[in-house]
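Welcome! Let's look at a structure together and ask, step by step, what stands behind the words used to describe it.

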Amino acid sequence: MRILDKYILKETIMTFLFGVCAFSAVFLGSGTLLRIAQYITQYGASFSAIVRLIIYSLPGIIVWTFPMSMLLAALLTFGRLSGNSEIIAMRACGISF
């Protein structure tokens, strides 16, 4: 793997992980926390049951957040590369887009 590929992959993965965490927090905050509050107030759910509810709801949330996070990572990475004129430098060196 070339150095340039490692550099772009590192930038993309870091932004992707940020996107997964951010979008997962939004999804958890919007839907799951309302259900958790309802379970605590109406049924008196324990802390372990609440943790299990969050863990069991994560796969359904991850299905939605991975594509959004990858799109965010690609846009932010190539936007930053373009903003710092790194894409122009790559093209000047003979590397195609």
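What follows is a set of questions and answers about this predicted model.

Q: How does the radius of gyration of the protein chain stand against that of a compact globule of 97 residues?
A: The rule for a compact globule of 97 residues gives a value near 13 Å, but the protein chain has 20 Å. The C-alpha trace spans about 65 × 25 × 15 Å along its principal axes. Buried residues account for 23% of the 97 residues.

Q: What describes the way helix 1 and helix 2 pack?
A: Two packed helices are described by the angle between their axes and by the distance between those axes. For helix 1 and helix 2 the angle is about 145°, and the axes are 5 Å apart. Their crossing is right-handed. Sorted by class, the contact of helix 1 with helix 2 has 25 nonpolar, nine polar and three charged residues.

Q: Why do Phe16 and Phe66 count as an aromatic pair, and what makes the pair edge-to-face?
A: The structure holds two aromatic pairs, and here is one of them. The ring centres of Phe16 and Phe66 are 5.3 Å apart, and the planes are at 70°. Rings pair if their centres lie within 6.5 Å, and planes over 60 degrees apart count as edge-to-face, so both labels apply. This pair links distant parts of the chain, with Phe16 in helix 1 (residues 3–43) and Phe66 in helix 2 (residues 47–83), 50 residues apart.

Q: Why is Phe16 called buried?
A: Its relative accessible area is 18%. Buried means under 20%, so Phe16 is buried.

Q: Why does Phe66 count as partly exposed?
A: Phe66 has 40% relative accessibility.

Q: What makes the pair of Tyr39 and Tyr43 tilted?
A: Tyr39 and Tyr43 have ring centres 5.9 Å apart, with 40° between the planes. Stacked needs planes under 30 degrees apart and edge-to-face needs over 60, so this pair is tilted. Both residues lie in helix 1, four residues apart, which is about one turn of the helix.

Q: Why is Thr15 called buried?
A: Thr15 has a relative accessible area of 17%, again under 20%, so Thr15 is buried. Thr15 also lies in helix 1. Beyond neighbours within four places in sequence, its contacts are Leu72, Ala73, Leu76 and Thr77.

Q: How do you know that Leu81 is buried, and which residues does it touch?
A: Leu81 has a relative accessible area of 1%, under the 20% limit, so Leu81 is buried. Leu81 is found in helix 2. Not counting residues up to four places away in sequence, Leu81 touches Tyr7, Ile8, Glu86, Ile87 and Met90. The C-alpha atoms of Leu81 and Ile8 are separated by 8.9 Å, although these residues are 73 residues apart along the chain.

Q: Why is Ala92 called exposed?
A: Ala92 has a relative accessible area of 69%, over the 50% limit, so Ala92 is exposed. Ala92 lies in helix 3 (residues 86–92).

Note on methods:
Residues numbered from 1 in each chain as written. Predicted model: local features only at pLDDT ≥ 70, side-chain atom pairs only at ≥ 80, totals over all residues. Heavy atoms only, no water. Phe/Tyr/Trp six-rings, centres within 6.5 Å; stacked < 30°, edge-to-face > 60°. Helix = DSSP H or I, 4+ residues; strand = E, 2+ residues; numbered from the N terminus. Buried < 20%, exposed > 50% of the residue type's maximum accessible area, 1.4 Å probe, protein only. Axes fitted to C-alpha atoms, helices over the stretch in contact; angles between N-to-C directions. Left-handed = near helix turned anticlockwise from the far one by under 90°. Nonpolar A, V, L, I, M, F, W, Y, C, P; charged D, E, K, R; others polar. Rg over C-alpha atoms; globule rule 2.2 N^0.38 Å. Contact = heavy atoms within 4.5 Å.
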